[in-house]
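This report goes through a predicted model.

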Amino acid sequence: MTPRDLAAPAAVTLALCVTPFVGLDGAMLNLLIFMMIIALAAQGWNILGGFGGLASFGHAAFFGTGAYATAILQTKAGLGAWPSLLLGVALGAAVGAFIGFLSFRSGLRGSYFALITLAFAEVLRIASNSAEITGGAAGILVRLDYGFWNMQFEDRRWFAVLAVICVGLSLALVRWMERARFGARLIAVRENEEAARALGVDVFRVKMGAITLSAGVTALAGCLYAQNFLFLDAQVAYGSWISIEALFAAIVGGLGTLFGPLIGAVVLLGVGEITKAVVGGVPGVDLVVFGVLLILTVAFAPGGLAGLAERLGFKRPGAKRIGLKGGRA
Amino acid sequence: MYSPLIVAEALLNGLMLGAVYALVALGLTLVYGVLHIVNFAHGAFLTVAMFGVWLAWSQLGMDPYLSMILIVPAMAALGYAAQRWIIGPASRGADNSILLVTLGLSIIIQNGLLALFSSDTRTIDTDYAFQVVELGPLLLSFPRVVGLGAALVTAVVLWVILNRTDVGRAIRAVAREKLGASLVGIDVGHIYAVTFAIGSACLGVAAALLMPVFYVEPNTGAAFVLVAFTIVVLGGMGSVVGALVGGLLIGVVESASSLWFGDSLGQIGIFLIFIAVLLIRPTGLFGARQ
């Protein structure tokens, strides 16, 4: 990876860092923060689902672990917010490695992998809904206490900047992956596992690396979520909503592309807000639109919005053209 | 400890709950067996069917069991249309694409229902919901006895369709060898959609059996779909006998674990079985090794 490779991610990150200061009102600022959290979760999903071709239906398992770890370590163990966040990421990655170890050792892929990740997330959701440490069904509340060391900012613009920086770091990580041997091996495994193995790629190790990275990034999104809303319950942390939004954003934005998840998160949530504004307070309409967009993307633009942009002539260096590949499990 | 009588009743009730689970799983496993796809929208279809039964009762005053004559054909039509005009064309046969298209479809249905009906739970009042059937010293709930009977009848009908009719032969031919089937003049796209229709019709029956004892809200199907997947995986993807046995087994397990661990943790037992089966023997009890 050369410094030039980082030019585009850095430029996008800088531009996003400025947006909170151009006079956004409170609602827009909240939307921006939420977009960044979803973009981060989607970025994580994309590492495994886009680059690795292993579509997960249970990224909530990682998101929720990051979120709960951040909240519990602060409230129950008295740790600072920043170390809690780092530990949250590490724990999320560990959960990813655990699920990956079990699934990949048994050779699960395709639909089977999607279903087992969903089952793990559901087990965590039900368990955290009745466990004592997570506050059970009542949920867990982080005390409001402004200060840099508590990662709580009275001026919410700074939290937006923090979220943007996290997205920027994830962009750099994925750009590194694209350039590194690891990324090449991962794509080789996605395209043809047997051929990759025949070429000497350690398939199991590559998949383990992908799910660990993927889980860590999505866990970071969960940590930010906990820190932003200061409240968690089982449905928020481990509910299927986040698995679905991460997957939708990554696919609509562009599977296996650097900027796809970010584009997808911004477009999806933007469209969602517009729909809600047009239709009014009917619950669920935005998700109906998301579902339609997902099906349209799979049917007509397997490369997502990033792929469409490329087809229309916006050339982006380093973008890799891909489609959904299905290995029968 | 519980008295043997309570345990026996719980297990029998589990068996009857399992029969309805088996019906839901039958549709899922049939579609998997023929199209080799995982239909993630199966649960959402069940919710649609349950709302259909509820509407027939609240708007037309129809008895839930009687409403089958409306709901079952309607569900078959819905299943046919969904596969023929949405899932088939949109996914072009790629495994992951089908999974995603059916996921998208389930999100659309689930939230469309939420927008239309809000998240209130709806139930049907019948005279027989709390009636019991006495079997020696045991008291069994009447709707569950009906459920068990109807599930077994449906399984037999399904077996007859698959083994004794031309459509059934065509379905089995497509499941075995798609190209060969199209070469002898079978319209594969049509047969795929017919399979989907039969699978969805099973949901119509299941919905009519469930409504007297259960409630419906837009997320109801989602709770069933994971149970159905567990059953299908346990019984072996694509195996009809497996779905029946798996369904009854899971019903008993859920009933037993609810008795000992309480309702919320009863569900965990199912997921843990699901994970264990996927990890240890993904081909299930009755599935052939691929």
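## A buried serine in chain A

A:Ser103 is buried, with a relative accessible area of 0%. The cut-off for buried is under 20%, so a value of 0% places A:Ser103 in that class. This serine is found in helix 4 of chain A.

With residues up to four places away in sequence left out, A:Ser103 touches A:Leu108, A:Phe113, A:Ile116 and B:Leu279. The list therefore includes a residue of chain B, B:Leu279, as well as residues of chain A.

Interface size is often expressed as the accessible area that is lost when the parts come together. For chain A and chain B the buried area is about 3,600 Å², and 78% of it is on carbon and sulfur atoms. On the side of chain A, the residues that lose the most area to chain B are A:Tyr112, A:Leu115 and A:Ile295, which together make up 18% of what that side buries. The contact is formed by 43 residues from chain A and 37 residues from chain B.

How many salt bridges and polar contacts does the rule find across this interface? The number of salt bridges between chain A and chain B is zero. For polar contacts, the rule finds one residue pair across the interface, with both residues at pLDDT 80 or more. Four helices of chain A each supply at least two residues of the side that touches chain B: helix 4 (81-105), helix 5, helix 11 (240-253) and helix 13 (285-300). Helix 5 of chain A gives the most to that side, with 14 residues. By class, the residues of the side of chain A that touches chain B are 30 nonpolar, ten polar and three charged.

## Helix 5 of chain A

Helix 5 of chain A covers residues 110-130. At 1.5 Å a residue, its 21 residues should span 30 Å, and the end C-alpha atoms are 31 Å apart, which agrees. Most of this helix is covered, since 16 of its 21 residues are buried.

Helix 4 of chain B covers residues 95-117. Its 23 residues should span 33 Å at 1.5 Å a residue; the distance between the end C-alpha atoms is 33 Å, in agreement with that. Helix 4 of chain B is mostly covered, with 20 of its 23 residues buried. The helix is followed by B:Ser118, whose phi is positive, near 60°.

B:Pro218 lies in the loop of chain B between helix 8 (188-210) and helix 9 (220-235). Is B:Pro218 buried or exposed? Its relative accessible area is 3%, so B:Pro218 counts as buried. Apart from neighbours within four places in sequence, B:Pro218 is in contact with B:Thr47, B:Phe51, B:Gln110, B:Leu113, B:Leu114, B:Ser118 and B:Ser119. One of these residues, B:Ser119, is 99 residues from B:Pro218 in sequence, while the C-alpha atoms of the two are 6.3 Å apart in space.

## Salt bridges

Over all chains, a search of the whole structure finds 14 salt bridges. In chain A, the side chains of A:Asp286 and A:Lys276 form one of them, at 3.8 Å from N to O. A:Asp286 lies in helix 13 of chain A and A:Lys276 in helix 12 (residues 260-279), so the pair ties together parts that are ten residues apart in sequence. A:Asp286 counts as buried at 16% relative accessibility, whereas A:Lys276, at 36%, counts as partly exposed.

A:Asp145 and A:Arg143 also meet through their side chains in a salt bridge, with 3.8 Å from N to O. A:Asp145 is partly exposed, with a relative accessible area of 32%, and A:Arg143 is exposed at 64% relative accessibility. In the salt bridge of A:Asp155 with A:Arg157 the N to O distance is 3.0 Å. A:Asp155 is partly exposed at 30% relative accessible area, and A:Arg157 counts as partly exposed at 32%. A network of salt bridges links A:Arg109, A:Glu193, A:Glu194, A:Arg197 and A:Lys207.

Terms used: Residues numbered from 1 in each chain as written. Chains lettered and ligands numbered in written order. Predicted model: local features only at pLDDT ≥ 70, side-chain atom pairs only at ≥ 80, totals over all residues. Heavy atoms only, no water. Expected span 1.5 Å × (residues − 1). Buried < 20%, exposed > 50% of the residue type's maximum accessible area, 1.4 Å probe, protein only. Contact = heavy atoms within 4.5 Å. Buried area = accessible area lost by both parts, 1.4 Å probe. Salt bridge = Lys/Arg side-chain N within 4 Å of Asp/Glu carboxyl O. Polar contact = N/O pair within 3.5 Å; in protein donor to acceptor, adjacent residues only side chain to side chain. Nonpolar A, V, L, I, M, F, W, Y, C, P; charged D, E, K, R; others polar.
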